[in-house]
Amino acid sequence: MDRTLKFALAGLAFNISFAAYHLITGAIASSWWSLTLGSYYFILSIVRFAVLRSKSKERFIAKFTGCMLMLLSIPLIGTVILSVVRDRGQRLHMIVMIAMAAYAFTRITLATVKFIKARRSTSATLVTLRNISFADAFVSIFALQRSMLVSFEGMTEAEIVIMNAVLGSAVCVTVFLLGLNLVLSKKI
């Protein structure tokens with residue numbers, strides 16, 4: 001458990017830095033997408049911090065986290081609508097894209113490793129951290145996909161809108177289901 005908490009703290013640090021990056025970028029560029037994404041990661045950081053700080057109220061924190069993930073799927077729906085209707089994305093420098101890709105693939109890899117380790121666990125903290133990690137990873141994959149489509153040539157604007165709508169909707173539903181899993185879980 002001690003190693004898991006160290007990895008969770010590292011994930012918290014990454015979440016906070018990713019949130020700060022998007023909030024600052026959004027404020028400078030007046031990008032609602034970046035501001036919304038930064039807010040999402042900031043709230044997710046607060047939830048992750050609450051999970052790490054709780055010791056005796058594991059079940060309550062798991063249910064609270066589940067509710068927060070379900071609520072966070074609502075602003076995600078807004079980002080999907082925003083990316084389809086108004087703000088299809090902005091071109092980013094290749095170095096920024098490589099950093100985003102490294103972050104997204106690191107998050108999905110770590111979330112998968114946590115899933116494998118926690119799949120039979122009855123610890124509410126481990127299951128909660130696993131679901132938070134997947135919510136983090138899926139949103140970072142959506143952000144990466146959205147940025148890659150406009151940063152690299154090859155797709156028409158209509159195809160970009162369809163890809164953003166499909167993947168964004170899938171991410172919203174997945175985050176909601178991760179929260180619902182925590183709320184309805186009987187084993188934690």
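Does Ile 98 count as buried or exposed, and at what relative accessibility? What follows takes up that point and several others.1. Is Ile 98 buried or exposed? Ile 98 counts as exposed, because its relative accessibility is 53% and the cut-off for exposed is over 50%. The model is a predicted one. Ile 98 sits in helix 4, residues 94-118.

1. Ile 98 also belongs to a nonpolar surface patch. Met 94, Met 148 and Phe 152 make the patch together with Ile 98. Its area is about 380 Å².

2. Met 97 is in helix 4 too. Met 97 counts as buried, because its relative accessibility is 3% and buried means under 20%. From the C-alpha atom of Met 97 to that of Ser 185 the separation is 37 Å. Along the chain, these two residues are 88 residues apart.

3. Now the salt bridges. How many salt bridges does the structure hold? There are 2. In one, the side chain of Arg 48 meets that of Asp 136, at 3.6 Å from N to O. Arg 48 is in helix 2 (residues 32-53) and Asp 136 in helix 5, so this pair links distant parts of the chain, 88 residues apart.

4. Asp 136 forms a salt bridge with Arg 107 as well, and here the closest N and O atoms are 2.8 Å apart. Arg 107 lies in helix 4 and Asp 136 in helix 5, so the pair ties together parts 29 residues apart in sequence. Through shared partners, Arg 48, Arg 107 and Asp 136 are joined into one network.

5. Asp 136 counts as buried at 0% relative accessibility. Arg 107 counts as buried at 3%. As for the pairing, side chains of opposite charge can pair when their charged atoms come close.

6. Arg 146 is another residue to check. Arg 146 is found in helix 5, residues 124-151. Arg 146 is buried, its relative accessible area being 2%. The C-alpha atoms of Arg 146 and Ala 104 are separated by 12 Å. In the chain, Arg 146 and Ala 104 are 42 residues apart.

7. How do helix 3 and helix 6 run relative to each other? The axes of helix 3 (residues 58-85) and helix 6 (residues 157-184) come within 7 Å and cross at roughly 170 degrees. Helix 3 is therefore roughly antiparallel to helix 6, as angles over 145 degrees count as such. The residues of their contact divide into 19 nonpolar, 8 polar and 1 charged.

Key. Residues are numbered from 1 along each chain as its sequence is written. This is a predicted model: local features need pLDDT of at least 70, side-chain atom pairs count only at pLDDT 80 or more; totals for chains, interfaces and linings use all residues. Side-chain values use heavy atoms; hydrogens and water are left out. Patches are made of residues with over 30% relative accessible area and no salt bridge: like charges are joined within 9 Å, nonpolar side chains (Val, Leu, Ile, Met, Phe, Trp, Tyr) within 5 Å. Accessible areas come from the Shrake-Rupley method with a 1.4 Å probe; for residues, only the protein chains shown count as cover. A salt bridge is a side-chain nitrogen of Lys or Arg within 4 Å of a carboxyl oxygen of Asp or Glu. Helices (H or I, at least four residues) and strands (E, at least two) are DSSP runs, numbered from the N terminus. Buried means under 20% relative accessible area, exposed over 50%, partly exposed in between (1.4 Å probe, protein chains only). Axes are lines fitted to C-alpha atoms, for helices over the stretch in contact, and angles run from 0 to 180 degrees between N-to-C directions. Angles under 35 degrees count as roughly parallel, over 145 as roughly antiparallel, 65 to 115 as roughly perpendicular and the rest as oblique. Ala, Val, Leu, Ile, Met, Phe, Trp, Tyr, Cys and Pro count as nonpolar, Asp, Glu, Lys and Arg as charged, and the others, Gly among them, as polar.
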